[in-house]
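Hi everyone, thanks for making time. I'd like to walk you through the charged side chains in a structure I've been looking at.

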Amino acid sequence: GGLGVLSGDHLKASSDALLPLVGVGLLYQNGYLQQKLDPDGWQQEHTPINDFYSLPITPVTRAHGGELVVSVTLTAVEVFLKVWRIDVGRVKLYLLDSNIPRNATAEHREITNQRYGGDDHKRIHQEIVLGIGGLRALKELGLNPTVYHMNEGHSAFLAIERIRLLMAEHALSFEEALQASRVNNV
């Protein structure tokens, strides 16, 4: 989609300009909609299944060798997210994948099944996974950005997680953490 193209261009331009940037997104099992016309001129569409191991993408591993997995809590259930990496020139793009065996229910495995698929409930789950899970992945990777850019509202839960962390790590009040996070949330 348009935001994906824009984000990809932003990552590549940052790599070319030697800017220190890291991207975070969701890794969708079903590819984006592919369209073709049938012999009668009608649009036919399908969503191919992505085979991550045939793509230029790598599972992120911890220093001890295990795969990097972070988690978020959704409706009182811990949901696990495998972290993958794509190198866009010198810039790293980290993608979160909920379709892993540690997630016991299909509902949780399918959070990263398809973009714009499902209802508002699934959309909110995707946004929590991206915002909160994305920040947790950055922390696990030892990355502490100085500015957090959120593409539209898709990762808005990042701001809430930052406030929570500032309160927990620096003993700030909610108001203090809110003010501290505002200066570098874009």
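I'll go through the salt bridges, then a charged patch, then a histidine. Please keep in mind that this is a predicted model.

So, how many salt bridges does a search of the whole structure find? The count is 8. Let me start with arginine 62 and glutamate 140, whose side chains meet at 2.8 Å, N to O. Arginine 62 sits in the loop between strand S4 (58–59) and strand S5 (69–74), while glutamate 140 belongs to helix H3, so this pair ties together parts that are 78 residues apart in sequence. Arginine 62 is partly exposed at 28% relative accessible area, and glutamate 140 is partly exposed too, at 43%.

Arginine 123 is partly exposed at 27%, but glutamate 127 is buried at 12%.

There's also a network of salt bridges linking Arg85, Asp87 and Lys92. Within that group, arginine 85 and aspartate 87 meet at 2.8 Å, N to O.

Aspartate 119 is in the loop between helix H2 (106–109) and helix H3 (120–140), and is partly exposed at 47%.

Finally, is histidine 125 buried or exposed? Histidine 125, in helix H3, is buried, with a relative accessible area of 5%. Beyond its sequence neighbours within four places, histidine 125 contacts Leu74, Thr75, Glu107 and Ile111.

Note on methods: Residues numbered from 1 in each chain as written. Predicted model: local features only at pLDDT ≥ 70, side-chain atom pairs only at ≥ 80, totals over all residues. Heavy atoms only, no water. Helix = DSSP H or I, 4+ residues; strand = E, 2+ residues; numbered from the N terminus. Buried < 20%, exposed > 50% of the residue type's maximum accessible area, 1.4 Å probe, protein only. Contact = heavy atoms within 4.5 Å. Salt bridge = Lys/Arg side-chain N within 4 Å of Asp/Glu carboxyl O.
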